[in-house]
Amino acid sequence: MKALFFLRHYNDIDHVTPVIHQWIQSGHQCDVVLIGSARFRRDFRVRYLSYLQGVRVAHMNELFSWVDYWKWRLQMLLLTRNVRRIKFIGRLAEKLAERFDEKQREPLWRHTAEFLLQRCFGATGKGVVAFDWIERNSVICVEWVEIVIAMAKERGLGTVSLPHGDSPHASQLIRRGERRVLPDATFSAAKIFDKVVVPNELCAVRFRPFMTDNQLAVLGSPRYCEAWLKILSGLMPPSPLIRSASKLKIVMFLRKANFTTFWEEVSEVVHMIAGFSDVELIIKPHTRSGWKQSLTKDSSIKQLNNVKIAGDDAHSVHLMDWSDVIIDLATSVVFEAVRAKKPVLAADYLIAARSAVAYYMPETELRCRDDVYEKINGFLTNGFEDFYVEEHRQRFLREMLDYPDANVLPRYVSLLEQLAS
């Protein structure tokens, strides 16, 4: 069987690669088309996929002429919300999109979609097309995805939307400006697919208001299942981090800039931790929007000898391997640490949200500055053993990562096979 996977940025490469790996292990073939930044051609997971027999990897700029690629790219930029947010450029993009309307854009959308579908499937009429979760504010405009999906369905191909992350939040009002508990229309675009896959029920509630129960599949987490973690450990590039003789190594993972974070208190916590002489702290900004976060520009933090801001070459897995303890502001990347029984401190009082980690494992929650001090002091004094209540941790693994059981990757392949037949 044949599949066409579209990948666009760090997160969906991270979460969809295990599904592609298992698809190939099951004897199938696929094309992987990169539709985001060309720099991801060098990503270690993309390189791994390109070495697998039965996989063709290409970026859009390798498949089309220079003229066609840049026409496609500029049409994308006209419609994406990130561009619309920039004051002068955003207004210009809106005006251009009004003059160059949907009817005028459609021929290029259809031309690129037809080429990609024909290249992968020919005239077979069987197979499956997979995107990650496509949202109304995606950097790849929904208008093009809608045409790709519609043309795929016309050919008799199955269509699926795969996870590009997980739900680190157990609450709904988590972004600036969110003040009413209502279904988030951001996720309504997902209804164009035959199936939308989520790892757990916390993610499912985002999509349920916009689709039928039959469209939604809860299959567990491909990124954090044990089978993939064993493989991933052998794929990682060498770590740039060196473990020194310090007694306690801490990593703090930050959220995207559009989530409400109380930055003044985050800074206070960083300075407090730096006050422990035998502690090292590395702060990891968000992969895509770290440059927007005030903490990474704070000159007082840059002057702290035992605090560093992680560079792009330090992957989350490198940081978790280096650390003894992780402070989390509600990111799904720490789910791997929970799997490994490494202590995660859920700093819910630093954000306007309830984290999934604290919801399932109350022993992880930081509720005030005193908690931070006492936890750090306790780790230095007593070590890290018996941090979790094991019953809580097992429930988290069972309901968040291994739902309904630990046989996660074959379950994804089975769904893709059903859609492709």
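Two strands count as paired if DSSP finds at least two bridges between them. Helices (H or I, at least four residues) and strands (E, at least two) are themselves DSSP runs, numbered from the N terminus. Okay, with that in hand, let's look at the structure above.

A quick word on the source. This is a predicted model, where local features need pLDDT of at least 70, side-chain atom pairs count only at pLDDT 80 or more, and totals for chains, interfaces and linings use all residues. Residues are numbered from 1 along each chain as its sequence is written, and side-chain values use heavy atoms, with hydrogens and water left out.

Let's start with the sheet of 7 strands. Its order is β3-β2-β1-β4-β5-β6-β7, it is open, and the pairing is parallel. Who stands at the edges of this sheet? That would be β3 (55-59) and β7, each with a single partner strand, so one side of each is left without a neighbour in the sheet. Neighbouring strands here are turned by 20° against each other on average, direction ignored. For angles, by the way, axes are lines fitted to C-alpha atoms, for helices over the stretch in contact, and the angles run from 0 to 180 degrees between N-to-C directions.

Now zoom in on β1, residues 2-7. On one hand, 6 bridges join β1 to β2, and the two run parallel. Alanine 3 has cysteine 30 as its bridge partner in β2. On the other hand, β1 pairs with β4 (residues 128-132) in the parallel sense over 3 bridges, and there phenylalanine 5 stands opposite alanine 130.

What about β2 itself, residues 29-34? 5 of its 6 residues are buried, so β2 is largely enclosed by the rest of the structure. Buried means under 20% relative accessible area, exposed means over 50%, and partly exposed is in between (1.4 Å probe, protein chains only). Helix α2 (residues 44-51) lies across β2 and β3, running at about 135° to β3.

Next, the other sheet. It has 5 strands in the order β10-β9-β8-β11-β12, again open with parallel pairing. Its edge strands are β10 (307-309) and β12 (344-346), each pairing on one side only. Strand β9 (residues 279-284) is joined to β10 by 3 bridges, and isoleucine 283 has isoleucine 309 as its bridge partner in β10. Helix α16 (residues 369-382) packs on this sheet and touches β8 (248-253), β9, β11 (325-328) and β12, with its direction at about 145° to that of β8. Contact means heavy atoms within 4.5 Å.

Helices next. Two packed helices are described by the angle between their axes and the distance between the axes. Helix α1 (residues 10-25) and helix α18 (residues 408-420) pack at about 70°, with axes 9 Å apart. That makes α1 roughly perpendicular to α18; the cut-offs are under 35 degrees for roughly parallel, over 145 for roughly antiparallel, 65 to 115 for roughly perpendicular, and oblique for the rest. From α1 you get Pro18, Val19, Gln22 and Trp23, meeting Leu409, Pro410, Tyr412, Val413, Leu416 and Glu417 in α18.

On to the cysteines. How many disulfides does the structure hold? The count is 0, where a disulfide is a pair of cysteine sulfur atoms within 2.5 Å. Take cysteine 120: its sulfur is 7.8 Å from the closest cysteine sulfur, in cysteine 30, too far for a bond. Cysteine 120 is also buried, with a relative accessible area of 6%. For cysteine 225, the nearest cysteine sulfur, that of cysteine 203, is 15 Å away.

Cysteine 225 sits in the loop between β7 (216-218) and α10 (226-232), and is buried at 1% relative accessible area. Beyond its neighbours within four places in sequence, cysteine 225 is in contact with Arg339, Asp402, Val408 and Leu409.

Most residues other than glycine have a negative phi, and most peptide bonds are trans. Yet the bond from tyrosine 403 to proline 404 is cis, with omega near -5°. Alanine 330 has a positive phi, near 75°, and so does aspartate 386, at about 55°. Are these two buried or exposed? Alanine 330 is buried, with a relative accessible area of 0%, whereas aspartate 386 is exposed at 75%.
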